[in-house]
Amino acid sequence: MRILLQKSSFNLDVSGIAGFFGGEESFAAMSSVHLVRGRRWLGWYNSPGSYFVAKKYGTLAQSRFWDGLFPGPNVDPATMLELDGKSGPRYTGVFSGNRFSATGHLSFLLARYCELSVKPSPSPIPSSDTSPRSNISLTIVQLGNFKEFKGYPTVPEDFFLPFDPVGILPIAFSIGCAIVTGIFRDWYIFAMILLGVVCNGITCYVLASGSLELDCPVPSANSPPGDGILVSPRGIIVLQGDERSVSSVIRGAYNLRYESEPKYRNIGFSSLTLTAQFLLQLFLVPQGGLFGQIMFLSTLAVSWMFNAYLASLDREKLQTGILLKVLGRPKAVKFSLDRWSTAVAFVAFYLKPKDARGILDELIPNNTPAWRIWKDRVVVAIEKDTDPVLVKTWAEDGRDSIETLDSSDRKFVLEFLQLAREAYNGAKRFRSTSHADPIEDKNSVRIENIPVREKGPGKGEKRGFRGLLP
């Protein structure tokens, strides 16, 4: 059969861009292989950016041979595929005494979800129109007791995003274009399209052959309750549950297990095939006819659009959806408070820690005489489960400790004791009518709708601890 455009002297010479064009999109698309169900079987299309992808994933293979072919720092697959590497908020254990200045990737995901996706509910503490507003976010997440999911620690594919039939389109288009070029006997282009299909499919399958696992420490059976506090500049997240549930968030991580670890030779060989594909296409695509080159370029364009579609997926959101399923869809409630000190006092009255003073010092490090007296009275109020305004503490000379302060500090303490009283009453109300809605997915990540308390803009906002007024 006569090849279309056979007599044209025009040559597209697209081989030079085939290995680089769309490389970042291809790399991002490959990163979703452990988040989308059946994604390992959807790589059989002629994808652009083969050389870029090869240079990226080739650094996973560890030996002098692979380091010479693909120079660069050796990282683990979970970090390369962005399943690990982010730092979460600092953490304070209420009963365990654990202190971490920074936590791991899973706590980052949970904190991000609480900030962006959990809907606010009415606050148990009425807002004051006279006090400055810092709009402190307080989220309480009830993790409960840790339950091992089926296949633990390997995350089952049922937790992944469902199969997307859109992935069939680039496969069908690449195979179709290869068939058309074969019909017109443009064998160079026919072979190069099929080569791209095979190399990209093998690489996708090899990367997806690793199993996604949840690595988390197993604490002692005699460990105290795992309740703790995540503290960020935007607010406080209270985690409630056994030590294993909380530890899975604080110290747990996603990990990828390959049979070839720690050398990852199969990933090295798949990267080598991508490099070979790039070199062969560089030399042989110009040997094809103009019509074949148009077919080849069309497969790259369609594959690039599909890669861009996969790259547009919020992978952190998908990882969060998996995490929520792993944790058994914990319950959560969020509301806003006007002052940092009110939020801290609420948390202290709600959790009733044994070392209440240590928690207060951790969250409010101010160490002036006025703050020490305020903390002393809040600690006594927690121990006696009483209104902090009614508590008295005594100075060494037998006087009421507040009387040892000057007038301005005395007013300061009395004002903040009133805020602590509101926190005490709010914690009692919240504990008696505690309602936390189950966190579910959109893909699966959503939370049931909760009425939102409207709040007007604050005036005269001041800054203190971590940018927030105590």
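Mentor: What follows is a close look at one pair of helices and at one residue between them. This is a predicted model, in which local features need pLDDT of at least 70 and side-chain atom pairs count only at pLDDT 80 or more, while totals for chains, interfaces and linings use all residues. Residues are numbered from 1 along each chain as its sequence is written, and side-chain values use heavy atoms, with hydrogens and water left out.

Two packed helices are described by the angle between their axes and the distance between the axes. Here the pair is helix α8, residues 187–208, and helix α10, residues 265–284; helices (H or I, at least four residues) and strands (E, at least two) are DSSP runs, numbered from the N terminus. Their axes come within 9 Å and cross at roughly 165°, where an axis is a line fitted to C-alpha atoms, for helices over the stretch in contact, and the angle runs from 0 to 180 degrees between N-to-C directions. Because of that angle, α8 is roughly antiparallel to α10, the word used for angles over 145 degrees, whereas those under 35 count as roughly parallel, 65 to 115 as roughly perpendicular and the rest as oblique.

On the α8 side, the residues that make the contact (heavy atoms within 4.5 Å) include Y188, M192, L195 and T203, and on the α10 side they include I267, S270, T273 and L274. The residues of this contact divide into 10 nonpolar, eight polar and no charged, where Ala, Val, Leu, Ile, Met, Phe, Trp, Tyr, Cys and Pro count as nonpolar, Asp, Glu, Lys and Arg as charged, and the others, Gly among them, as polar.

T203, a residue of helix α8, deserves a look of its own. T203 counts as buried because its relative accessibility is 1% (buried means under 20% relative accessible area, exposed over 50%, partly exposed in between, with a 1.4 Å probe and protein chains only). Leaving aside neighbours within four places in sequence, T203 is in contact with S270, T273 and L274, and also with M30.

Most peptide bonds are trans.
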